[in-house]
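Colleague: I am new to this one. Please show me the structure, then walk me through part of it.

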Amino acid sequence: MAVTPPLLGARRIVVKIGSSLVTDEGRGVDAQAIGDWCRQLTRLGEQGVEVLIVSSGAIAEGMKRLGWAQRPREVHALQAAAAVGQMGLAQIYETSLRSLGRASAQVLLTHADLSDRERYLNARSTLLTLLQHRVLPVINENDTVVNDEIRFGDNDTLGALVTNLIEADALVILTDQQGLFSADPRKDPDARLIAQGRAGDPALARMAGGAGSALGRGGMLTKVLAAERAARSGAATVIAYGREPDVVLRLAAGESIGTALSAELPKRAARKQWMADHLQLRGRVQIDAGAARALVGEGRSLLPVGVRDVAGEFHRGDVIAILDPEGRECARGLANYAAAEARLLAGRASQDIEALLGYVAEPELVHRDNLVLSAPADPDQAQG
Ligand SMILES: Nc1ncnc2c1ncn2[C@@H]1O[C@H](COP(=O)(O)OP(=O)(O)O)[C@@H](O)[C@H]1O
Ligand SMILES: N[C@@H](CCC(=O)OP(=O)(O)O)C(=O)O
């Protein structure tokens, strides 16, 4: 069965780089290898592809800087090592990207940041703003304030959550193996590379084992589960060897390298399902005819000026229903402002937001990327 190469034509990708690669099997941050990944990603940026990096390696680098030969068991010692190592990691990415003419930004996130609706929107807006300004975000977990992630080594999951958050087209997981094998190749010499599969296929999780080295935490299982999660927002995943020459550039040119795991749902349909499955309706706004035309007819965002009435008590990041002038639900979306603020903004121009609230989160009440139209006007539904 011929499969579309997952990175061919992708406009936005997340590249996750594991600890063993970043730190050259624990010898300390490998500046040369980081320089090479940055070169490839900068080249992709020049071709118009938006790229985000999720990089592990803080703990391994911190241990080296502190002269610790053994990975400590105490969580606080791991957190301290991460705090030390993150400095080195950020410094090397910044230096590499600056020498290539790319601005970079450090973003430290926790899983909780992405499950809290308000912080989710904040993280999303910040990352999208960085991309708009052609800044390359370098993301890691905020290891100093969380400990589950340190114990479970969850940067693979973080990569998938970031992919969902900014609706990337693909997640690339660079690791120290050629891809997913039928069994852990460190233990089974007969293991064969799985070139392609469907994200979420339970057979893949059965093949994947834990980390094969003391440095990596998640092993293949967290990568396979990350692919399943990335597929929920319609993104494909590739698991590939990070030291394969020009690996990301060749993937982007359509070459098959490593393991490609496809997503079943296209992006828009996946997002709609996600909103339906995960989010509870917290309020309603009724809009005027002009706003209804803009939303339903032209696929635009909902601006406060088109809002007539606000019902319910919702917060920023909650889902609200949008009703047309006849009171029929025409869309649902994530509110950028709380109900009390939306009441103050109703019927007013976006330029007035600062004067009315004292700050501006976004000019829209619901951005079109966070909006799902109701049947039958929604093209996804019209297609069946
Ligand atoms: N089925 C499998 N295919 C490939 N690698 C596997 C498999 N099962 C377990 N592994 C192990 O997973 C390791 C990669 O995971 P990990 O060490 O966490 O890497 P990273 O630091 O890149 O996240 C490999 O080195 C390998 O030993
Ligand atoms: N946040 C940790 C990463 C832990 C982790 O997930 O590591 P890995 O399994 O190598 O991707 C660090 O920077 O050391």
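Modeller: Helices (H or I, at least four residues) and strands (E, at least two) are DSSP runs, numbered from the N terminus. This is a predicted model: local features need pLDDT of at least 70, side-chain atom pairs count only at pLDDT 80 or more, and totals for chains, interfaces and linings use all residues. Residues are numbered from 1 along each chain as its sequence is written, while chains are lettered from A and ligands numbered from 1 in the order in which they are written.

Colleague: How many residues of H10 are buried?

Modeller: Buried means 20 or more other C-beta atoms within 10 Å of the residue's own, exposed means 12 or fewer, and partly exposed is in between; C-beta atoms are placed from the backbone. Leu225 and Ala226 are among the buried ones. H10 is mostly covered, and the count is 11 of 13.

Colleague: Which residue stands opposite threonine 237 in E8?

Modeller: Strands pair if DSSP finds at least two bridges between them. Three bridges join E7 to E8, and the two run antiparallel. Opposite threonine 237 stands leucine 261.
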